[in-house]
Amino acid sequence: MHLSPDLWVWVGALLTLFVFSFLFGDNPFYKFAEHLYVGVSVGYMIAIYYWNFFKPDLIEPLFGRGELILIVPLILGLCYLAIFIQKFSWVVRIPMGFVLGWGSGIAIPAVLQANVIKQIQGSLITSQTLAHWNTFVWSIVVLIGVITTVIYFFFSREQKGSLKVVANIGIIYIMIGFGASFGYTVMARISLLLGRLQFLLRDWLGVIH
Amino acid sequence: MSFLLAVCFIFGIGPPEAVKACDRPNDAGKCILLSWKLSPDDAGLKSYDIVRTDAFGKDTVVGSVPSGIGSFTDESVRDNVRYTYRVVARQDSLRAESVASGIAVSRAQWFNKARVNVLVALVIFSFLVFYFIRHARAGRKLFIRRIAGLDAVEEAVGRATEMGRPILYVPGLAGISQISTIAALNILSEVAKKTAKYGTDLLVPNRDPIVYTVALEMVKEAYTEVGRPDMFKKENVFFVSDNQFAYAAAVDGMMVREKPATNFFMGMFWAESLILAETGAATGAVQIAGTDSVHQLPFFITACDHTLIGEELYAASAYLSRDPLLLGSLKGQDWGKVVILAVLVAGSILLVLSGIKGLSFLHVIYSFFNIS
């Protein structure tokens with residue numbers, strides 16, 4: 001056993017144990033780690049936002065290079081601060097409307113492209129997929145899965161009779177997908193835990209190499 | 001030069017041939033695509049150097065690719081400038097240079113032809129949505145089937161009221177441009193109306209500063225709409241931290257200290273989903289979750305009482321509010337799905353038929369869907 005002489009390793013190890021203590025319920029150690037984490041992350045965020053966005057994207061081009069068009073986003077940004085003034089709090093709706101409109105405009109074509117068109121591309125059966133029996137079988141499995149799953153998410157009809165049968169096949173597909181995803185993600189989470197245990201046992205206590 | 005050619009000839013290094021340079025189609029400019037036929041001695045080569053000559057005759061080596069590769073993308077060009085390219089095959093100190101390509105000029109395109117399919121889909125969906133919204137506003141009744149998770153909302157709010165405990169609403173961790181966040185905020189509005197009616201506290205911790213301002217406004221408006229603006233507590237809708245796990249740690253702490261009777265997790269979630277849902281389950285709260293994140297849904301299904309899967313989250317606000325605008329758009333989406341299914345089935349049949357001699361004109365469907 002070779003305890004680390006590095007002060008920051010000790011700080012990291014103790015904070016890790018403080019967070020793990022939550023497994024036994026809420027306690028002052030967890031509260032300390034939680035409040036420290038939130039405080040540090042907010043302070044860090046402010047610094048990051050200033051150096052990565054505010055300074056290079058607004059202050060330097062506007063006041064340094066005279067790009068006056070940036071007055072528009074500056075005013076929109078300042079409108080958010082109106083929320084602190086009761087009389088003018090309605091002003092906050094202007095940038096919100098802008099952001100929601102912009103967000104929807106950006107998101108809708110992207111979602112159509114990624115979640116509709118690309119999925120249709122991947123699910124279509126082509127003459128090439130018929131060339132080999134295995135690609136043919138799997139493409140049929142995929143096509144049935146897509147059709148039944150989409151039908152499960154059809155809200156305009158009551159799920160009864162044949163629609164219920166098809167929707168039930170869809171939910172079986174969905175659950176198989178979730179099962180695979182669950183196992184995959186659990187493995188990733190365990191690797192995160194192993195990373196923390198390695199830090200405690202190797203970097204801090206020095207009992208493993 | 002003649003010496004080099006002689007060396008190449010003696011050692012048998014052939015130059016690359018048929019160098020072609022062209023503007024990359026459907027892009028924002030500043031890019032030229034190159035392709036060439038590999039040197040006959042490609043197996044023994046080290047690399048290919050790409051030499052660009054600009055309008056003033058200045059040569060610049062713009063990149064290098066290993067042997068076996070016959071293409072390169074030059075993203076260091078300026079628009080509307082004429083360039084030619086040569087490809088130099090290299091093996092240690094030996095070089096074999098191709099003939100220069102034709103002139104290539106990079107230009108930005110106004111319209112991405114590869115996305116015509118997206119435009120068509122957008123027009124169809126928009127038409128369906130507007131049609132059904134008009135239909136709904138005309139007062140016609142639109143049916144929506146029962147969604148189990150949403151029937152529990154009323155019950156969950158009632159439970160919190162009876163127990164005298166608050167309700168926790170987490171509107172996901174994504175920004176406002178995520179559709180799931182917008183859906184989560186719509187549901188928040190409906191939940192806020194119910195808590196206002198019942199006089200139950202509603203806690204809304206936020207990770208994104210913009211989502212926070214929108215959530216604050218929506219909750220305030222919901223309380224005003226049901227005639228209880230006095231019940232609205234501004235401090236209950238708050239920003240925590242934009243750090244994912246700092247946010248999760250704080251919300252966990254809130255769950256064990258405030259002991260909310262009901263937890264809502266709606267919107268986009270990442271690795272914190274199980275941390276939140278597991279802690280909530282340990283406190284004995286009724287939990288209703290909804291997300292379109294495929295990787296997080298299994299965790300919510302295992303740890304929550306009710307889970308809205310994918311599109312059920314989008315349908316939720318229409319289901320809860322019965323607002324004609326939302327009902328109409330939900331109906332439009334539903335019929336959009338019917339169009340998708342029809343395209344899938346008809347497209348598959350036509351693509352299979354395109355393999356038959358005489359029906360090869362059906363190959364146009366490949367290009368419409370960008371299938372290679």
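**Terms and model.** Buried means under 20% relative accessible area, exposed means over 50%, and partly exposed lies in between (1.4 Å probe, protein chains only). Helices (H or I, at least four residues) and strands (E, at least two) are DSSP runs, numbered from the N terminus. This is a predicted model, where local features need pLDDT of at least 70, side-chain atom pairs count only at pLDDT 80 or more, and totals for chains, interfaces and linings use all residues. Residues are numbered from 1 along each chain as its sequence is written, chains are lettered from A and ligands numbered from 1 in the order in which they are written, and side-chain values use heavy atoms, with hydrogens and water left out.

**View 1. Helix α9 of chain B is mostly covered.** The helix takes in residues 311–321. Nine of its eleven residues are buried. Among them are B:Glu311, B:Glu312, B:Leu313 and B:Tyr319. B:Arg322 follows α9(B). The phi of B:Arg322 is positive, near 55 degrees.

**View 2. B:Ile182 touches residues of both chains A and B.** B:Ile182 sits in helix α4 of chain B, residues 179–198. Its relative accessible area is 23%, so B:Ile182 counts as partly exposed. Contact means heavy atoms within 4.5 Å. Leaving out residues up to four places away in sequence, B:Ile182 touches A:Leu100, A:Ser104 and B:Ile176. B:Val219 is 37 residues from B:Ile182 in sequence, and their C-alpha atoms are 14 Å apart.

**View 3. Chain A comes to six helices and zero strands.** The elements run α-α-α-α-α-α from the N terminus on. The radius of gyration of chain A is 27 Å, well over the 17 Å that the globule rule gives for 209 residues, so the chain is more spread out than a compact globule. This radius is taken over C-alpha atoms, and the rule is 2.2 Å times the number of residues to the power 0.38. Along its principal axes, the C-alpha trace spans about 60 × 60 × 35 Å. Buried residues make up 33% of the 209 residues in chain A.

View 4. Residues 36–54 are 100% helix and 0% strand, with end C-alpha atoms 25 Å apart. Residues 167–187 are also 100% helix and 0% strand. The end C-alpha atoms of residues 167–187 lie 30 Å apart.
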